[in-house]
Amino acid sequence: MYFGVDVGGTAVKWAVISEDYQVLKSGVFTTPYEGAEFLADRIASVYQETEEACRGIGISIPGTLMDDPDGIVEGGGVLRYLNGIPFGKLVREKCGVPCFVENDGKSCALGEYTAGALKGCRTGVVLVLGTGIGGGIVIDGRVYKGAHSFAGEFSFMMESAGKRLGPETMIGKYCGWSSGLRAELIRRKGLSEDTQMDGYQIFDLVNSKDPDAVGALETYCSHIALQIHNLQTILDPDIFAIGGGISNQPVLLETLQKAVDFIYEGTIFGQVPIPKIVRCQYGNTANILGAVRRCRQKMNTENT
């Protein structure tokens with residue numbers, strides 16, 4: 001058995017995972033903000049309370065992770081106290097078993113390959129629509145990390161030429177559900193920028209055929225479709241799996257597929273493959289499964 005952890009900005013989810021990636025036990029606790037030592041202590045406490053003899057611990061966490069054995073975190077997302085911390089080493093010393101740490105988007109992609117939407121494919125891409133657009137790339141059963149462990153940081157791709165890289169020019173602004181979809185709907189309705197509107201309210205309007213909401217979703221999906229086309233030509237994946245809370249809305253994938261189809265409609269380039277788009281199957285559980293698989297790969301108990 002293995003112990004998997006998914007550290008998020010508001011909650012930390014954990015599970016005991018069997019050799020064949022079944023969830024045997026699971027739970028959740030509120031993400032602590034007191035510091036890295038406090039977070040590691042909390043994980044160790046939960047691990048010990050499970051009273052299971054696990055072979056290793058896999059942790060999904062925000063931030064950039066190189067392939068060093070100590071799991072040094074660069075950045076850490078909203079958990080800034082993780083920056084520069086060898087978090088894998090910290091947890092390993094407290095729990096007494098091997099521990100390996102991986103970026104949350106890359107963990108999600110590897111989890112979907114392990115048991116979800118990417119299972120059986122040679123090359124797959126996960127796009128997680130959240131505050132920005134995260135995700136990861138899996139090739140032949142392994143996360144593709146690139147030279148600086150930055151592959152899959154899709155938010156940093158740019159929307160157009162002739163501009164400097166910054167928050168206003170990256171696709172994270174256009175493809176994050178709040179800065180993209182919500183902002184576009186507010187603009188169309190002429191509302192104040194600080195108008196409170198969550199995803200449920202937006203999709204209630206979309207599903208009721210509100211013209212502004214439908215138009216905002218179409219514009220939002222056109223930005224994502226453009227980047228999916230670009231990624232298709234660069235990586236030529238078998239499949240794109242879309243994650244994030246709003247991916248549970250069927251109308252999102254329907255609209256996104258239409259936006260992708262529009263790009264290829266009437267094209268003279270018949271050799272260009274049309275991207276295949278599906279919804280992620282495992283949600284946050286994918287992060288845990290992927291973290292465990294990464295742990296097993298690092299421990300050399302699983303080759304792919």
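Which strands does helix 3 lie across, and at about what angle does it run to strand 7? Helix 3 (residues 104–115) lies across strand 4 (57–61) and strand 7, and its direction makes an angle of about 100° with that of strand 7. This is a predicted model, in which local features need pLDDT of at least 70 and side-chain atom pairs count only at pLDDT 80 or more, whereas totals for chains, interfaces and linings use all residues. Residues are numbered from 1 along each chain as its sequence is written, and side-chain values use heavy atoms, with hydrogens and water left out.

**Terms**
- Helices (H or I, at least four residues) and strands (E, at least two) are DSSP runs numbered from the N terminus, and two strands pair if DSSP finds at least two bridges between them.
- Axes are lines fitted to C-alpha atoms, for helices over the stretch in contact (heavy atoms within 4.5 Å), and angles run from 0 to 180 degrees between N-to-C directions.

- Five strands, in the order 3-2-1-4-7, form an open sheet with mixed pairing.
- Strand 3 (23–30) and strand 7 (99–103) stand at the edges with a single partner strand each, so one side of each is left without a neighbour in the sheet.
- From one strand to the next, the twist averages 15°.
- Strand 2 (residues 11–17) and strand 3 run antiparallel and are joined by seven bridges, and valine 12 stands opposite phenylalanine 29 in strand 3.

**Helix 9 and the segment after it**
- Helix 9 (residues 285–298) lies across strand 1 (2–7), strand 2, strand 3, strand 4 and strand 7, running at about 130° to strand 1.
- Asparagine 300, in the segment after helix 9, counts as exposed because its relative accessibility is 64%, where exposed means over 50%, buried under 20% and partly exposed in between (1.4 Å probe, protein chains only).
- Asparagine 300 and cysteine 108 are 192 residues apart along the chain, and their C-alpha atoms are separated by 20 Å.
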